[in-house]
Amino acid sequence: MMPSDFLNQEITYLKGVGPQRALILSKELEIKTYKDLIEHYPFRYVDRSKFYKIAELSDSFPYIQVRGTLVSLVIKGEKKKQVMVGKLKDETGILELVWFAGLKYLKEHFQLNQSYIAFGKPSSFNGNISISHPEMELAQGATNTMATTLMPVYSTTEKSKFAKIDSKTLLKLEHTLVAQLPNNLAETLCANIINDENLISRRDALYHIHKPANAEILIKAQERLKFEELFFLQLKILYQRSLTNLKYKGQVYSRVGNYFNQFFKEHLPFPLTNAQKRVIKEIRNDCATGRQMNRLLQGDVGSGKTLVALMSMLISLDNGCQNCMMAPTEILAHQHYQTVKELLKDLPVEVALLTGSIKGKARKQILDSLADGCIHILIGTHAVIEDEVIFKNLGFVVIDEQHRFGVAQRAKLWKKNNLRPHVLVMTATPIPRTLSMTLYGDLDVSVMDELPPGRKPIKTLVRFDKSRLEVFGFIKSQIKIGHQIYIVYPLIAESEKVDLANLEEGYQEIIHHFPEPEFKVSVVHGKMHHADKEREMNRFIKGNTQLMVATSVIEVGVNIPNANVIVIENAERFGLAQLHQLRGRVGRGAEHSFCILMAGNKLSHIAKQRLKAMVESNDGFKLAELDLTLRGPGDMEGTQQSGILNLKLADLAKDQNILIRARAAAIRTLELDPDLSKEENKLMRNHFFETYKIKTVWSAIS
Ligand code: ADP
Ligand code: MG
């Protein structure tokens, strides 16, 4: 047998796996081959070198083991909400064990008044320490089966456990398998990378991940396998990008001319920040290469992205191209239109606004002037990507607040010109570097991490329900001196009904405490008709209402300098990036502004940490990084659809360093060997093309 074939064998060939087990493995755990089994990595390891005493446990402990006598076992509660509670006793105290599933089987399975070893993570509930779903093992004879100190723990299902395939069974199978691993098991990474990155071989990594002799070798094994996983993910993103670059050419912007220079010299209302200068330079360089630019501009709220967009469009105009700027809502499009007109003043630049509500003659006129090239900058909503909108020579597109536009919508733009227009996507939602490298790995990323000078920091406070009247009092005092207030409620798809009810209740409470005619209240939520939403927003923008009660659909990027207080209800339910972005609605005027985070009474430890971070930091990127570490990538915006959550071993929050190395290695590899045709990359290429179903560059072009 070739060493490369070893892992492709069917699982039934493994000693200890008969037809029955093979069926369960395949059905429950999707394990059909040796490869599937060996890549069913442990999700944690238990330190079996020590037994802890029950009295010393706290919820800060990792996974541990205790030894004691199972003194009781009771099933409590009604049908669907049944739990089973066991009590484990040692000489220092009693520990509660709790199960929520598989109760009947477990109850019959356990023996009362026997000595057990329980493994699990202690947690605390109402001050009592307990372990949920511990792994249990009769103490007698336990030490014989497990001689290792770092014992791998594998995920299984209730059904597989019922069929006697639990973590321990898997461990035995894994041990059987790794004992047979050929010494010359095929590599997937080329020798250069393995050397440069100081990685252990694939064979050794697969061995030690399942049978680590000590913590050091385990870390090396994990490093190697995580690196490999992230490397191929990055290689895929970058390879596909280079494929796109070969296929599509962009406009070449070879010069900076009068439009840009005159604006810069005579119209710029304030000096550019260093971040703005840097980003404009990045964009300029990018547009001169002949490739289509695909750039993501991440800039904290208020960092001055609009100006960067405008100046980029002027460069484009200097090179004879038309420009288009898209915003997610009419209100935002309108605001951009006004800002741009104002900044350009008397410069001979034709700017037009196109939204869904511009109809008839006015619309026809805009469409005509676009087609004959008279309009230089078109600003609008989704309306600008409709088929009837035809440009003479579209060269540059700005998309503001990217997360509201899908990839498919972006792709519609490509059709508007022979050469693909350059694309600048702007977002105020800070995305941690590791996530953007992966989610937007096909885009170049520019970051504006600097605010224009002289901004007053927003004061952020956490308040609980009991001080609600006090908060209302404060709001009244701010309204009295002429300010406007946002009150924001969460609206999350899974709990939409409850959320809308909360908003309605909150609204009633507000109009009760802020009665007409002294106070006027606007309300906006996602379930309202578009026209009603715009009307309510406009009443607030014009200052006809002083309070805006809204769900988080509240217009991103909207600029109302007079609003200086934002109250966020159930703040613990929002992501930090989102809280930060909402907070950015205020602090746009000269006055002091406030963000009041209303919190539920029973906050988890993590929720407390997150709210504290909001109070302490005004740095969107720092907050986003922290959120990623505290909540994990699954809760971050945009990750659900991306597939990065399917990573087997690597964790984008914890393995940033490995990711950065892997990406750099992937870039180096493609620089030296763009289509991976060199002999030394052969194994790597085979693995890559097979595993990721990659088409070659050349087949994609023809
Ligand atoms: P965002 O990045 O959130 O879209 P904007 O482009 O709306 O930010 O800019 C926020 C405010 O900062 C605007 O009022 C704008 O005029 C102002 N601004 C932009 N650049 C500068 C600068 N270099 N110096 C001072 N103020 C600036
Ligand atoms: Mg903006």
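Reader: What makes you say that ligand 1 sits in a pocket?
Author: In this predicted model, ligand 1 sits in the second largest pocket. To sit there, more than half of a molecule's atoms must lie within 2 Å of the pocket's grid points. Ligand 1 is assigned to the pocket by that rule, so the term applies.

Reader: Which residues come nearest to ligand 1, of the 15 around it?
Author: Q276, G302, K305, T306 and R455. A residue counts as near if one of its heavy atoms lies within 4 Å.

Reader: Why is the approach of R455 to ligand 1 called a polar contact?
Author: A polar side-chain atom of R455 lies 2.7 Å from an oxygen atom of the ligand. The cut-off for N or O pairs is 3.5 Å, so this pair qualifies.

Reader: How much of ligand 1 does the protein bury?
Author: The protein buries 75% of the 570 Å² that ligand 1 exposes when taken alone.

Reader: What makes up the shell around ligand 1?
Author: Six nonpolar, six polar and three charged residues. Helix α12 (residues 305–318) gives the largest share, three residues.

Reader: Why is the aromatic pair of F227 and F231 called stacked?
Author: The count is 15 aromatic pairs. In this one, the centres are 6.1 Å apart, and the limit is 6.5 Å, so the rings pair.

Reader: Where do F227 and F231 lie in helix α9?
Author: They are four residues apart in helix α9 (residues 215–247), so about one helical turn separates them.

How values were computed: Residues numbered from 1 in each chain as written. Chains lettered and ligands numbered in written order. Predicted model: local features only at pLDDT ≥ 70, side-chain atom pairs only at ≥ 80, totals over all residues. Heavy atoms only, no water. Polar contact = N/O pair within 3.5 Å; in protein donor to acceptor, adjacent residues only side chain to side chain. Areas by Shrake-Rupley, 256 points an atom, 1.4 Å probe, with all protein chains shown as cover. 1 Å grid on protein atoms, 1.4 Å probe; cavity = no way out; pocket = protein on both sides within 12 Å on 5 of 7 lines; lining within 4 Å. Helix = DSSP H or I, 4+ residues; strand = E, 2+ residues; numbered from the N terminus. Nonpolar A, V, L, I, M, F, W, Y, C, P; charged D, E, K, R; others polar. Phe/Tyr/Trp six-rings, centres within 6.5 Å; stacked < 30°, edge-to-face > 60°.
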